[in-house]
Amino acid sequence: MAASDKCILKILCIHGYRQNAKSFRERTGSLRKILKKHAEFVFITAPNSVPPLEGGDNTENPNNDQYGWWFSRQDDYFNAGDQTDVSKGFDKTQQLLENVFKEQGPFDGVLGFSQGATVVGFLCALKDQPGSCFQFDFAIIVAGFRSLSAMHDQYYNKPITCPTLHVYGDTDRVIPKEWSLDLLKYFVEPKTLNHEGGHFIPTSSPQKKVYQEYLQSWLEKKISKQTQDSES
């Protein structure tokens, strides 16, 4: 069997706020379908349980099986627009991610949505540090934003060299397009995918083509490396 017949990318998926591994897997069904020949996707759940919305819409996870990667306030609340010195629960997130990379890796890439996309940005920054356990080749950041927690300033001090594809929507009312555009300046030569929709992962024909071409380029690099390793 040729290397290309058995080689596939392994991508870690990091969900958004008030989601979990199961709900994010369900919401990425269309994406996984169009990329099934390119990658397998690994889903994990954030360590911090999120309180239900009082009198609000809990349809995302009606059983209150909702989680987040950190809180911007001490009362277990998160708002991406909060300028704060709080990042409650992020220490648990760091430990969880370290364990995931050590126990379930290696990963070829990471994909994140909304709050999870910002966590992926942190991982990209940590990847550049000597001796980091967070090693991967590329990242896909959907509806990402710069964390306004002072505790996260360290992740934006140096240009982030990890190759990235940033996806954002013109009518996103949760994470405005401007926030995602502002995040780009921290990355070296980021690729972008702008769509007309809102706060979701787009999978229409134009986006499908971009995803497939992006992952195909990384798949070819992986196949080439495996071939070289087998011949050495």
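Strand 5 and strand 6 (residues 138–142) run parallel, joined over five bridges; strands here are DSSP E runs of at least two residues and helices H or I runs of at least four, numbered from the N terminus, and two strands pair if DSSP finds at least two bridges between them. The model is a predicted one, with local features needing pLDDT of at least 70 and side-chain atom pairs counting only at pLDDT 80 or more, while totals for chains, interfaces and linings use all residues. Residues are numbered from 1 along each chain as its sequence is written, and side-chain values rest on heavy atoms, with hydrogens and water left out.

How much of strand 5 is buried? Five of the five residues (109–113) are, so the strand is largely enclosed by the rest of the structure. Buried stands for under 20% relative accessible area, exposed for over 50% and partly exposed for anything in between (1.4 Å probe, protein chains only). In a regular strand, side chains alternate between the two faces of the sheet. In strand 5, G109, L111 and F113 point one way and V110 and G112 the other, and all are buried.

Turning to charges, the structure holds eight salt bridges, each being a side-chain nitrogen of Lys or Arg within 4 Å of a carboxyl oxygen of Asp or Glu. One of them joins K222 and D108, at 2.8 Å from N to O. K222 sits in helix 7 (residues 205–231) and D108 in the loop between helix 4 and strand 5, so this contact ties together parts 114 residues apart in sequence. D108 is itself buried, at 11% relative accessible area.

K88 and D76 form another salt bridge, with the closest N and O atoms 2.7 Å apart. Both lie in the loop between strand 4 (67–68) and helix 4 (90–104), so the pair links parts 12 residues apart in sequence. K88 is partly exposed at 33%, and D76 is partly exposed at 26%. D170 and K177 also form a salt bridge, their closest N and O atoms being 2.9 Å apart; D170 is partly exposed, with 40% relative accessibility.
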